[in-house]
Amino acid sequence: MKITRKVKQILSYYESDNPGTKANLARILMTGKLAGTGKMIILPVDQGFEHGPARSFAPNPPAYDPHYHYKLAIDAGLNAYASTLGMLEAGADTFAGQIPTILKINSSNSWATTKDQSVNASVNDALRLGCSAVGFTMYPGSEHALELMEEFREIAEEAKAAGLAVVLWSYPRGGKLSKDGETAMDVGAYAAHLAAELGAHIIKVKLPSDHLEQPEAKKVFEEQGIDISTQAARVREVMRSAFNGRRLVVFSGGAKKGANSVYDDARAIRDGGGNGSIIGRNTFQRPREEALEMLNKIIAIYKGQD
């Protein structure tokens, strides 16, 4: 694996990390059809745990099989596959070494009554399964946000010491945030910055809207003339908030939607300088051939070919 100049530059941003962690970041960045570009697409499949099997997989019944998702990520030429302990265990031997994997350490579920997550796996599990990284979700704004941050600190410290990379899902919700506030521009940028401050190597956030939630932040955005008029401009502001682009940021695909909306999102991420997509339901809830076609199109967009 000959590492490209672009990937070497990205790795140089992680100045405190050991060779093991940098090697795992390089594996993710140098795998698949986007290898070496600094862009990435990750397939995340934790929705069965989060939302239940029927809501997640009934639209495309082959997706009930954990092997389906490994195959989809590999055949599409993606950078990595992220999932829960049980899902990764179910295909760990068959697909060993074929694609970098990310073990999602914590999850919520549709019966939870608080904005919190349970820790369901460990760094040792990630090492046992040959993962390149661990993943964790925190909810900025939640009444449990500080506890989630403390849990993340412990897991990140252990993962980095073992030479793994760390991916942080930073999803504002709960507390005094309105529904619109969960994807507000100021809130999304703050969520990305918090993830960078907490030491995440790869940050996952939602695409922000042009809504400004916090009065104090709204005043600054308006006084400083920060451009949030287009999705690309909003992505650019998120990247600026992630240490001026010194941290890798991928954007969630969200609930299933029309193909053209997915492609428009990808173009905005590309044009705003984002590092890519972490896209689940918009692919695995479609028939396999349709999903492969969609992913191939997104790859072409990130390569500047569409």
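Okay, let's start at one spot: Asn-79 sits in the loop that links helix H5 (66-76) to strand S2 (80-83). Before I go on, remember that this is a predicted model.

So, is Asn-79 buried or exposed? Its relative accessibility is 0%, and buried means under 20%, so Asn-79 counts as buried. Who are its partners? Skipping the neighbours within four places in sequence, Asn-79 is in contact with Ile-28, Leu-29, Thr-31, Leu-34, Lys-39, Met-40, Ile-41, Ile-99 and Pro-100. Keep Ile-41 in mind, please. And if you look for Phe-251, 172 residues away along the chain, its C-alpha atom is 14 Å from that of Asn-79.

Now the core. The largest nonpolar core has 94 residues. Which residues have the most contacts inside it? They are Ile-41, Tyr-81, Ile-203, Phe-251 and Ile-298, and Ile-41 is one of the contacts of Asn-79. Helix H14, residues 288-302, gives this core its largest share, with eight residues. As a general point, nonpolar side chains in soluble globular proteins tend to be buried together.

Let's pick Ile-203 from that list.

Next stop, helix H11, residues 231-241. Just after H11 comes Phe-243, with a positive phi of about 60 degrees.

Okay, zooming out to the whole chain. You can count 14 helices and 10 strands. Of the 306 residues, 55% are buried. A compact globule of 306 residues would have a radius of gyration near 19 Å, and this chain has 18 Å, so the two agree. The C-alpha atoms fill a box of roughly 55 × 45 × 45 Å along the principal axes.

How is the chain tied together? Take the contacts between residues at least 6 apart in sequence: 74% of them join residues at least 24 apart.

The accessible surface is about 13100 Å², and carbon and sulfur atoms hold 49% of that. There are 36 positive and 35 negative charges, and their mean positions lie 7 Å apart.

How values were computed:
Residues numbered from 1 in each chain as written. Predicted model: local features only at pLDDT ≥ 70, side-chain atom pairs only at ≥ 80, totals over all residues. Heavy atoms only, no water. Helix = DSSP H or I, 4+ residues; strand = E, 2+ residues; numbered from the N terminus. Rg over C-alpha atoms; globule rule 2.2 N^0.38 Å. Buried < 20%, exposed > 50% of the residue type's maximum accessible area, 1.4 Å probe, protein only. Contact = heavy atoms within 4.5 Å. Areas by Shrake-Rupley, 256 points an atom, 1.4 Å probe, with all protein chains shown as cover. Lys, Arg positive; Asp, Glu negative; His and termini not counted. Charge placed at Lys NZ, Arg CZ, Asp CG, Glu CD. Core = buried A, V, L, I, M, F, W, Y, C linked by side-chain atoms within 4.5 Å.
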